[in-house]
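This report describes one protein model by its overall architecture, a helix pair, a pocket and several individual residues. The sequence and coordinates are shown first.

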Amino acid sequence: MRILAKLGALVGFAVAAVAAGVLAAATLVPLAVVGSQGVNGTLGAYFAMPDYLQIGSPQQISTMYAQDGHGHNVAIARFYSQDRAMVTSAQIGQIVKDAAIDTEDPRFYSEGGVDLIGTVRATLSTALGHGDNVQGGSTITQQYVKNVLVQQCVELPTQKQVDACYLKASGITPQRKLQEIRYASALDRSYTKSQVLTGYLNIVGLGGNVYGVQAGAEYYFGVDAAHLSIPQAATLVAILNNPNNLRIDEPNDPYNGSKNHYAATLDRRNYVLQRMLVHKSITEAEYDAALKTPITPKITQQSSGCATAAKYDAAYYCSYVRSTLLADPSFGKTAADRVQKLDTDGLKIYTPLRLDLQRQAQSALSAYVPAHTAGVNIGGANVTVKPGSGQIVTMVQNTRYSDVGGPGATSVNYSTDQAYGGSIGFQTGSTFKAFSLVEWLKEGHHLNDYVSTGQKVFPFADFHNSCENIGNSVWNVSNAEGDNPPAVMSVEQATAQSINSAFAKMGEQLDLCAIANDAKAMGVHLAATNGTFQEYPSMILGVNEISPLTMASAYAGFADHGVVCTPVAVSKIVDASGHGVGFTHTKCHQAIPANIANTVEYALRAVLQPGGTGATANPGGGTPIFAKTGTTDGDQQNWIVASTTNYTNAIWVGNAVGQVNLDKFPLLQGTTGYTVKFGIAHQILGVLDAALGGGPLAGPDQNLVGAVAPPPAVHGPAKPGKPTTPKSPTAPQQPGKPGKGKHGG
């Protein structure tokens, strides 16, 4: 029975192969033998098979670009599932083409996509059990077809689908072989020989995740496919015969490692050289010289991911771009779609990152904030956006980018939200006062209004929140150590000097919910993925944990007359064919009225002037600029956000994790946790001024400034309370719990 079954399989398979051969011949002499009774049934089945093969584009490397400051794009990172660089026929050396044709398909230029004699011989060999696979006989065109079909399998979403597809594309069945022949015959009619050969050499596997002769040449020998030597070209063609077993990057392989001088690959390479000599692609002298040449790979790993961007100080920026694209439904419907598109579609991703400014920002930050210091988990971040466009121009931090961590290393991006690889954010201190100022002006108050500064204890009952019950606790407020402000002062003066007690007094006249809503309208949100604002009185002084990027984007709204744009780190994406690829662009909206924004901006100019809390940070370049400083209790978190009309920059230095007081903690350049931000800002703002500058700032609404009036009389001298530095809360306060006062500067 076994013999009969085997004979039946042999006959069936042989007839199918002969019929396929007849059909291949029929492409040259149409229907010449269709009437033959012996093959008529097989011909019918054959003609019923599809003959159009969608070639598509094989998986390719996606590349991310930044700008060098001189109008040139610089590749900073690559993403791929398969290491492949598509090249044209002209970019592939003739010696590689000759080696492939001489070894794999000597009749390539004369056949019709199918080698009839070889196919029948191979079919009989397979049917008789003389091999584990469909034996030989496959032309380059047929091999190309098989590789295309396998490539389509790789791109399916589930492993189950991949496995089923792969079995169909490469299984040992008469039907699969007939379909391959059908596709190859049609392909030969639709494409030139040069196109087929180039496609084949671009798609072949060469071991591991290396695909195509260009990537193979780069990886194994550190050269382009156009510059391979005869022995190198023969080695690559040898590897494609059995990539998993003949690759030359595994020196410890007991059968084919460097200890054995890659014996198996060497045998196959020498066979390739022999075929090249037979077909006169090389001379006897070239053949003899090549035979004597040992296989000496020069492995040049083509890295994938954001780690390579570290050489441009841009690993965290790169990580942010990747994270935002993988979370962007405009980039792909599902998470799997987005990963596949980014890692396989050969995209060119252009970003607004300025490498010249990035380098100088990193240098300034690292000069003041160490990557690691004993006793505190110190963090520092600096980010720059453009008002009116939301484009992120720089993004740096004090640590080294690493997925495995270690001293001074982390993959957490301090500049952005947790959802995009960032942290849970940091308390912003007095930089949040700008939003109280917005509500102050919206309610009809003025910058020249006077408020008292002497009160230190504020009952919650004196505050109003229209959105939630804040309880009946007491809020203890202190000003920065050493501050002894006048008993009353104008709101403009209180802003410049960041007087906490004055802003607390202003808060009694406002709706806390409205302050929070003003901040939210300007894009301010908690950096943690899930969380709600603390809207207790202490919110006024910045207890909510926000990312530097969010604060920079909000302050850019003050620079652009109240128009806030969502931050964006991608300018353009094109696919391998040059077509645009969708992604979520910046969205701009009028967050607050222009006259309110312009008047807040006006008040914040004084912060960088003599007497202001950020005076020493002023770069002094003559560009109109405004800013706000922020410090939490014990200087645990320290901020300065500054802006011109052309850029907005946010600097944060503090506890990345933990609650160590930094008020006297020594950092670099003789600074402490409190003073460090001024040195960083002075240097970075000077660089940004020189490169980006800025125009005149908008004038304030004089109706909101108000008339200048003498301060009201105060009965008795003000008695400032003793400054206190309570610990910052580590969890959202519950109704009935008092908020803590924050330092002003």
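Of the 745 residues of the protein, 54% count as buried, where buried means under 20% relative accessible area, exposed over 50% and partly exposed in between (1.4 Å probe, protein chains only). The model is predicted: local features need pLDDT of at least 70, side-chain atom pairs count only at pLDDT 80 or more, and totals for chains, interfaces and linings use all residues. Residues are numbered from 1 along each chain as its sequence is written, and side-chain values use heavy atoms, with hydrogens and water left out.

The protein has 24 helices and 21 strands; these are DSSP runs numbered from the N terminus (helices H or I, at least four residues; strands E, at least two). Among contacts with a separation of 6 or more, 71% join residues 24 or more positions apart, a contact being heavy atoms within 4.5 Å.

**Helix packing**

Helix H3 (residues 94-104) packs against helix H12 (residues 263-278) at an angle of about 95°, and their axes are 8 Å apart. Axes are lines fitted to C-alpha atoms, for helices over the stretch in contact, and angles run from 0 to 180 degrees between N-to-C directions. H3 and H12 are therefore roughly perpendicular to each other, on a scale where angles under 35 degrees count as roughly parallel, over 145 as roughly antiparallel, 65 to 115 as roughly perpendicular and the rest as oblique. H3 contributes Ile95, Ala99, Asp102, Thr103 and Glu104 to the contact, and H12 contributes Arg268, Tyr271, Val272, Arg275 and Met276. By class, this contact of H3 with H12 has five nonpolar, one polar and four charged residues. Here Ala, Val, Leu, Ile, Met, Phe, Trp, Tyr, Cys and Pro count as nonpolar, Asp, Glu, Lys and Arg as charged, and the others, Gly among them, as polar.

**The second largest pocket**

The second largest pocket holds about 600 Å³ of space. A pocket is an open set of points on a 1 Å grid over the protein atoms alone, where a 1.4 Å probe fits, with protein on both sides within 12 Å along at least five of seven lines; lining residues have an atom within 4 Å of a point. Grid points are joined across faces, edges and corners, and a volume is the space filled by probe spheres set on the points.

Of the 29 lining residues, Tyr320, Thr324, Tyr420, Thr566 and Pro567 lie nearest the centre of the second largest pocket. Helix H14 (315-326), strand E8 (413-417), helix H21 (548-559) and strand E16 (563-565) each supply at least two residues of the lining, and H21 gives the most, with four residues. The lining has 14 nonpolar, 12 polar and three charged residues.

**Individual loop residues**

| Residue | Relative accessible area | Class |
|---|---|---|
| Thr453 | 2% | buried |
| Arg84 | 1% | buried |
| His261 | 60% | exposed |
| Gln669 | 56% | exposed |

Thr453 lies in the loop between strand E11 (450-452) and strand E12 (457-459). Not counting residues up to four places away in sequence, the contacts of Thr453 include Asn479, Pro485, Pro486 and Ile499.

Arg84 belongs to the loop between strand E2 (73-79) and H3. Arg84 and Gln60 are 24 residues apart in sequence and 5.3 Å apart in space, C-alpha to C-alpha.

Most residues other than glycine have a negative phi. His261, in the loop between helix H11 (243-246) and H12, has a positive phi near 55°. Gln669 has a positive phi of about 60° and sits in the loop between strand E21 (648-657) and helix H23 (676-691).
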